[in-house]
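Thanks, everyone, for making the time this morning.

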Amino acid sequence: MDTAVMVDEANIKGTPDASAAGPASKRIVVAYGFWIFLLSDVVMFSALFASYAVLVRATADGPAGDELFNQMSVAIETACLLASSYTCGLMSLAVNARRSAVVYLFAVVTFVLGAAFLNLEIHEFAAMIARGATPQRSAFLSAFFTLVGCHGLHVTAGLVWLAVMMAQVAIKGFRPNIERRLLCFALFWHTLDIVWVWLFTVVYLMGVRS
């Protein structure tokens, strides 16, 4: 028998069967399930983006994006959210290193940046409504408020989640289940940043072009 074939057979016999290796670790199972949740969220946002793309010109003789969008305010919003993604990554590294003081520091910075983003978005909505650009004014505005507002609701949920997680870290410490939840939060927050980059490009940049 060929030597290479004998070596391959020996390797196959020495490799444990997948079923004999036991179930996957809790960390892998949780991460896998959370990725499925994030993908379902991406599908939902994709549908909202498609609706917006269809209705963006349906202004019903009302104001369009180039009349409503404040690019400076949106640029600051974008900078806040992208910076919060960076600090969230630093927080995750600190969690792996079990450095609680650093975790709290970057969690607070992430929270403040996310809250600043949300505050600017609420002011943008309030300014548009004050000008009569309400969701019921046109199909374009309905699609805009639905898409951007849905992202804002996700950011709000993320801020609440982060605050709860910091309370759990303070009370329970870095238990394995706490670390898994912080990992899921980081995935969620980074996904919101990716969605915002697309939203910023499709809605705000393309919306003000002549």
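How much accessible surface does the protein chain have, and what share of that surface belongs to carbon and sulfur atoms? The accessible surface comes to about 11600 Å², and 69% of it belongs to carbon and sulfur atoms. Please keep in mind throughout that what we are looking at is a predicted model.

Let me begin with the overall layout. The protein chain has seven helices and zero strands, so to read the elements from the N terminus on is to read α-α-α-α-α-α-α. Of the 210 residues, 39% count as buried, and among the contacts between residues at least 6 apart in sequence, 81% join residues that are at least 24 apart.

A word on confidence before the details.

Now to the aromatic residues. A search of the whole structure finds 15 aromatic pairs. One of them is formed by Phe117 and Trp196, an edge-to-face pair with 4.9 Å centre to centre and 90 degrees between the planes. Because Phe117 lies in helix H5, residues 100–130, and Trp196 in helix H7, residues 176–205, this pair ties together parts that are 79 residues apart in sequence. Both Phe117 and Trp196 are buried, and both belong to a cluster linked by ring pairs, which also takes in Tyr52, Phe69, Phe125, Phe140, Phe144, Phe145 and Tyr204.

Helix H7 also holds Trp198, which counts as exposed, at 57% relative accessibility. Leaving out residues up to four places away in sequence, Trp198 touches Phe49 and Val203; Phe49 is 149 residues away in sequence, yet the C-alpha to C-alpha distance is 9.2 Å.

How many salt bridges does a search of the whole structure find? The search finds one, in which the side chains of Arg98 and Glu179 meet at 2.6 Å, N to O.

On the surface, Val108, Phe111 and Val112 form a nonpolar patch with about 250 Å² of accessible area together, and Val112 has its place in helix H5.

Finally, some backbone geometry. Most residues other than glycine have a negative phi. In the loop between helix H2, residues 26–55, and helix H3, residues 65–68, we find Ala60, whose phi is positive, near 55 degrees. Asp61 is found in that loop between H2 and H3 as well, and although Asp61 is not a glycine, its phi is also positive, at about 60 degrees. Asp61 counts as exposed, with 78% relative accessibility.

That is where I will stop, and I am happy to go back to any of these places on the screen.

Note on methods: Residues numbered from 1 in each chain as written. Predicted model: local features only at pLDDT ≥ 70, side-chain atom pairs only at ≥ 80, totals over all residues. Heavy atoms only, no water. Phe/Tyr/Trp six-rings, centres within 6.5 Å; stacked < 30°, edge-to-face > 60°. Helix = DSSP H or I, 4+ residues; strand = E, 2+ residues; numbered from the N terminus. Buried < 20%, exposed > 50% of the residue type's maximum accessible area, 1.4 Å probe, protein only. Patch = residues over 30% accessible without salt bridge, like charges linked within 9 Å, V, L, I, M, F, W, Y side chains within 5 Å. Areas by Shrake-Rupley, 256 points an atom, 1.4 Å probe, with all protein chains shown as cover. Salt bridge = Lys/Arg side-chain N within 4 Å of Asp/Glu carboxyl O. Contact = heavy atoms within 4.5 Å.
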